[in-house]
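Visitor: I would like to go through this structure with you, one question at a time. Where shall we begin?

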Amino acid sequence: MGAILEVKGVKKSFGGVEAIKDISLEVQKGSVTGLIGPNGSGKTTLFNVIAGFYKPDAGQVVFDGQRIDGLNPNEIYNLGLARTFQNPRLFPSMTTLENLMLSPKGQKGESLLKAPLKRLWVDEELKHASEVQELMSKIEIGDLYKTTVADLSGGDTKMVETSKGILGGAKLILLDEPTAGVQYVSGRSVFEHVNMLRKEYNLTFLVIEHRIDLLFDFTDYVYVLDMGEVLSKGKPQEVSKNPEVIKAYMGGA
Amino acid sequence: MEIPVELLNTIWYICVYSLMAIPLTLSYRISKVLNFAHGVYVTLGAYTAILMSAAFGVKLSPFLAVPAAFLVGASISVLTDMMVFSPLIRRESNPVTLMIASMGAWIFIKNAFYALVDILQKRWMTSLFYTSPNIDLPAQVAIAGVELNTRLLFVVSLSAISLFLLGYFLTKTRLGMALRAIADNLDLAQISGISRERVMLITWLVSGGLAALGGFALSLFTYVSPELGDQMILQVFACSVIGGLTSIPLTFVGAVIISSSENILIVFLYRYLGIELSFRPFLSFFALLSVILIRPPAGAGGGLPYRFHLRGLSIQKKSDS
Amino acid sequence: MVDVVSFLSSWLTLFGIYAILALCLDMEVGYTGMANTGLVSFFGIGSFVAGYISLTVFLSFFGYSYPIYSLDAVIAIGKISGSNPFLSIGVFLMSLVVAFVVSGTVGYLVSYPTLRVGPAFLGITILSFGEMLRIFMKHFTPTGGSYGLLGIPGPFGWVSEPSVKAVLFLALTLAILATVYLYFQTLSNSPYGRMLRSIREDEVASLCMGKPVPRIKAQLLFVGSGISGIAGSLLAFYQGSVSPDMFTTAVTFEVWSMVILGGRGNNRGALVGAAIISLLGWSSSALNFYLPGLVVDPNYIRWMLMGAVIVIILLYQPKGLVPEKPVQTKAWSLFETKEEKGILRKAETAVKRAFSWLAGRSYK
Amino acid sequence: MLTFLVIGLVLGGAVVYGALTPTLGQVAELNSKINQLQQQVNQLTQITEYKIGASMPLTGELSDIGVQWRTVLEMARDDLNAEMTRYGIKAKFTLVIQDDKTQPTEALKTFQMLAQSGMKVIIGPAGSSQVKACKSYVDDNKIVLISASSTSPTLAIPNDYIFRTVGSDAVQAKALAALIDTQGVDKVIVFHRDDEYGVAFADFFGKEFKNLGGSSTVIKYASGQADYASEVAQLSSSAKQGGVQGIVMISFDTDGVNIVDHAKDDAFLSSLKWFSSEGVQGATGLLTENIAQFILKTDYMGTRPVFKENPLYKDFATRYKAKAGADAPVFTANLYDAIFLAGWSIVRVGPASGEALKSALPEVAKKYYGASGWCIFDEAGDKLYQDYSIWTVKSVSGKNQYVDIGSYSGGSITWG
């Protein structure tokens, strides 16, 4: 299994402030890779660069052997790289079903010309619907299909956001603090689902996470960022022993 | 010596536009309301003096008219805020909703005022639809051998003083800093311990009052009608947008640009390119559009996908809604 | 003793025209969240295109060579307009199509700046564009400049009886309205509509889900503006004359208030709003008619009402009179039928949770 | 959706049915005959009430003068009713005045509303673009439109339902040119609004003035602005360059006053002679002290369509002044006569049929001499004999007022 995502010497600064000094990292196919670091260490900025929100000032991002830096977010999504946000960005006043039905790529019904002619897209629509149903039952929110997303619990919201990526046929999903805004106890279950989904759909995850305990149990590899640089990397256990990591982490948090 | 009249007009308009546009910028920056009702404050400010002088039938002292105009504009603007904007803001409505609400308020107040003027006109048997206040100012005054228009001097000093006071208020006083803090982000303001509602109130009070002063200043220069606000609002918006609707100094620059384009540029176009004078309003819109295109206002957040690639603005929800 | 027939026909015709506008605006504002405050300019383009085409075709067909805005042209048209039914209707249809294309294209071009400045400023951008256009039209001699165009021959010039003519035109308008309504209804209840709504909710997130947001917005402005153009040409034919002064921003605000009142993101709402607001206009006239000499002129009251309606609706009934519904695609059927299964699954999960609790594992 | 369609169909059906029934053969004629008989019977027995519609610019660009016209209308109504009782005609007229905001589409709506409440004669609207907006409607539905202030020659269309109790600008342009010629001015700038009225007037004036051996250049300004300072500045400088002796201002009231107000502060413009059309006449703004001085300096003169050597007009003017407290502004006499023409035609053929009224109106007008002189219509339905008087502002008994210092009739100007 090779690297599905390679970040090579990426730099990004806003008006003189270097959010990312120089970061290179690799994400192995089928792994759950953790990304930790104190606030302002450039984790989210890195995500935004990977997801195509920002153009890196230098360096390149390679996904599946293809350069994606400089592409627009929607193009990157269509290549199979999905992301979630720290404070989830779903479509609040739309139902769970609608939210999920939005995610499949290249729907026939989403072209202006085909949309008015039902029969052109209705079969496809049903196919997607059944997939959605299946997935929703897997993550145990099957009965919430007509609740608007705004009314979902924190954990459910995270799961919906994650599963959007899956329905979009993503190979790699960037999770930005999946346990933020989730009750402490259910944070674990979020990761259990992540694990389950990874096996089911042989996905890869890159996770920003603050809770070290979860990282130990669920991630295969961890990068520690500080001040926009990779401070250290390795298996969670090793990393957690690294003194400067502890220092940086305690200092930051 | 003779000062070219184009220049004088430009100065007039710099004063008037900055008095109208800067409060608009201020209110947008702090409340994120693209306020179309702003034009109404202008009209009311202009008419306060007119109605007063008509009612008492005397020459009105400018030092009475100015505070009166300010008070009227301020009170109406605060009223608008209390009845329309703050409930909506409390409900975290998006900017579009707020804009529409302001349009509603605008249409309502304007026509209510129209009705009032119509009734008064019938009562007093004098024409109020198109007039100018009867202000107690000598026409000309000679300074260092130069004949100067007193009203111009008055308006220049009026705008200079009020803008200076505004600047002082924003930069030096605690309240003013709280204002700016809120404009930038909320947390700071919470720290400074001043409630958001109060700051909003102050903002609307100031902006409404200043806009009214702008209206009054214009009514010294020319005859005004209840349509005044509508006729000016787009130019005023143009000034503010040039200022990115966030920066007060840039808004002043905008006022300078628009007034000189309306008073000087058009003249050059007419003389050397033979463009009809009646294209004058065209220029302000042209300026507006070109500025918007060349340099999208930060307040706009920029469209997709430019937002990220051009400006790298924050993509947190705050900036969008 | 109000003449019911002609009242209904004239009211419904203007209602139809404005309802088409309201539907377009609703598509842009209600579904996609594009605050198009320059609607009137596309409306105007449509009507000028219609007037220009019909006059030119008629004059050239009958071999006159007057400029279309001249008095001779008007008199000549007065003679010939009724003479040839096929020509009348043909010209009518042709100008509808051209109006659609032209206004649509302009809308598509305008979409560039709007994408550039983003949602909050779209309004002021298109607004000033509309004003620029109006000033330009006043100097654009081929369409009569500030004279505008007069004596535009309607599609039913050959019908002698005025009320029949009015009714025929009404039927035509309502037919077009119905078509537009059906089109938008199917569009908004398709994946496309779903996508539009997602853009309104959060365009960034929608972009992150692979939706080409800028392109979609441009498409929608094309369609919306084009159909507004059709409405405009209808107005031109109904009124028989167009002049630049007809297309002030006031028109836009009227349509806006229709959409707000009826409810954003809901085609039916747009229709309701259009009906109510257009009635409001007539009712103020009626008030003036039956009790003349009020202290306050009813016209002021009418406009105050208009403003108050917008504000009050936004404050107390933000969703409007007819609140929006979830996008109705086939997908629902799948779920609705599985309702009882849903219940079973509920039970199932409950049991699971119980076990997991017994097992002492923290479970969501 | 379905419900909507159903409603649409039902309404459509109702409308079609309602529309087709009256057209069934003689029924219509019979009805109208019966109506007319009814009318005559009524007239003999008890007072019948007739409604006359009016569409006036109470708001918008002409609002200043529009509200004064409202007063004239009410006055005319009362006089007409008084006349009826004097002649023992058992008829009473009431007015329904609607605001059309000086906007075309609004004017059309107003007309439809008035027409649908059974009125076949409607006074107004003021502006030519508004009249155009109503043209096809009134022609189709046989409603008689009498505008007292639309002077655009582009509406001089034979045998339509549009009548104008005021002469076309083509004539007034001639009058103005003649006036300027008498002032020994042969080089002027025509400073006019960019709407239909201004453009047309400027064209005609240019031609006429050329025939008299003068030369004129044209500057066009955008109407509907809050302020015209920059235009006036440009006007001044091009006047300097052109070395003209006079300015001809073709404006409405609101913009006109604004322009004069700025011109009074300009030394060079104040040294020229100023002329204007009727548009600005009657605007209260021109009566303020310092503008009056400007008018004195530039011996400002204008033409306006009224025949002041007319006892009826003098009578009307005095009574108007008594009622409104101001001098009768422009077009009031024409408006006044319009009401009378409408009233008498209704009395003659009854209010039921627009066709009858259309044919009656010119007949009535032929024999009618009113405040605006002879009201005879030409074949295009415009006032045939329009005399013009020359107006200016003078201080009469310490109060600035509009006074007519001369008149233009039959191609020649008579002073005093």
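Guide: With a definition: axes are lines fitted to C-alpha atoms, for helices over the stretch in contact, and angles run from 0 to 180 degrees between N-to-C directions. Note also that this is a predicted model.

Visitor: How do H3(B) and H8(B) lie to each other: roughly parallel, roughly perpendicular, roughly antiparallel or oblique?
Guide: Helix H8 of chain B covers residues 196-221, and the axes of H3(B) and H8(B) come within 7 Å. They cross at roughly 135 degrees. Angles over 145 count as roughly antiparallel and 65 to 115 as roughly perpendicular, with the rest beyond the roughly parallel range being oblique. That makes H3(B) to H8(B) oblique.

Visitor: Is the crossing of H3(B) and H8(B) left-handed or right-handed, and how many nonpolar residues are in the contact?
Guide: H3(B) passes H8(B) in a right-handed crossing. The residues of this contact include 7 polar and 2 charged ones, and the nonpolar ones number 16.

Visitor: Which pair of chains has the most contacts?
Guide: There are 5 pairs of chains that touch. Chain A and chain D do not touch, and their nearest C-alpha atoms are 16 Å apart. The pair with the most contacts is chains B and C.

Visitor: Which element gives the largest share of the side of chain B that touches chain C?
Guide: Here 47 residues of chain B are in contact with 42 residues of chain C. Among the elements of chain B that give two or more residues to this side are helix H3 (62-90), helix H4 (95-124) and helix H9 (228-242). By class, the side has 36 nonpolar, 7 polar and 4 charged residues. The largest share, 17 residues, comes from H4(B).

Visitor: And which element gives the largest share of the side of chain C that touches chain D?
Guide: In this case 48 residues of chain C are in contact with 43 residues of chain D. This side of chain C has 25 nonpolar, 17 polar and 6 charged residues. The largest share, 10 residues, comes from H6(C).

Visitor: What percentage of chain C counts as buried?
Guide: Chain C has 14 helices and 2 strands. It has 364 residues, and the part that counts as buried is 65%.

Visitor: Is Ala133(D) buried or exposed?
Guide: Ala133(D) is found in helix H5 of chain D, residues 128-141. Beyond its neighbours within four places in sequence, its contacts include Gln239(C) and Ser241(C), as well as Pro104(D) and Leu108(D). The cut-off for a buried residue is 20 or more other C-beta atoms within 10 Å. Ala133(D) has 29, so it is buried.

Visitor: Is Glu177(A) buried or exposed?
Guide: Glu177(A) also has a positive phi, near 50 degrees. It is found in the loop between strand S7 and helix H6 of chain A. With 20 other C-beta atoms within 10 Å, Glu177(A) is buried.

Visitor: What is omega for the cis peptide bond that joins Gly124(D) and Pro125(D)?
Guide: Most peptide bonds are trans. Pro125(D) lies in the loop between strand S3 and H5 of chain D. For its cis bond with Gly124(D), omega is about -5 degrees.

Definitions and conventions. Residues numbered from 1 in each chain as written. Chains lettered and ligands numbered in written order. Predicted model: local features only at pLDDT ≥ 70, side-chain atom pairs only at ≥ 80, totals over all residues. Contact = placed C-beta atoms within 7 Å. Helix = DSSP H or I, 4+ residues; strand = E, 2+ residues; numbered from the N terminus. Nonpolar A, V, L, I, M, F, W, Y, C, P; charged D, E, K, R; others polar. Buried ≥ 20, exposed ≤ 12 C-beta atoms within 10 Å, placed from the backbone. Parallel < 35°, antiparallel > 145°, perpendicular 65-115°, else oblique. Left-handed = near helix turned anticlockwise from the far one by under 90°.
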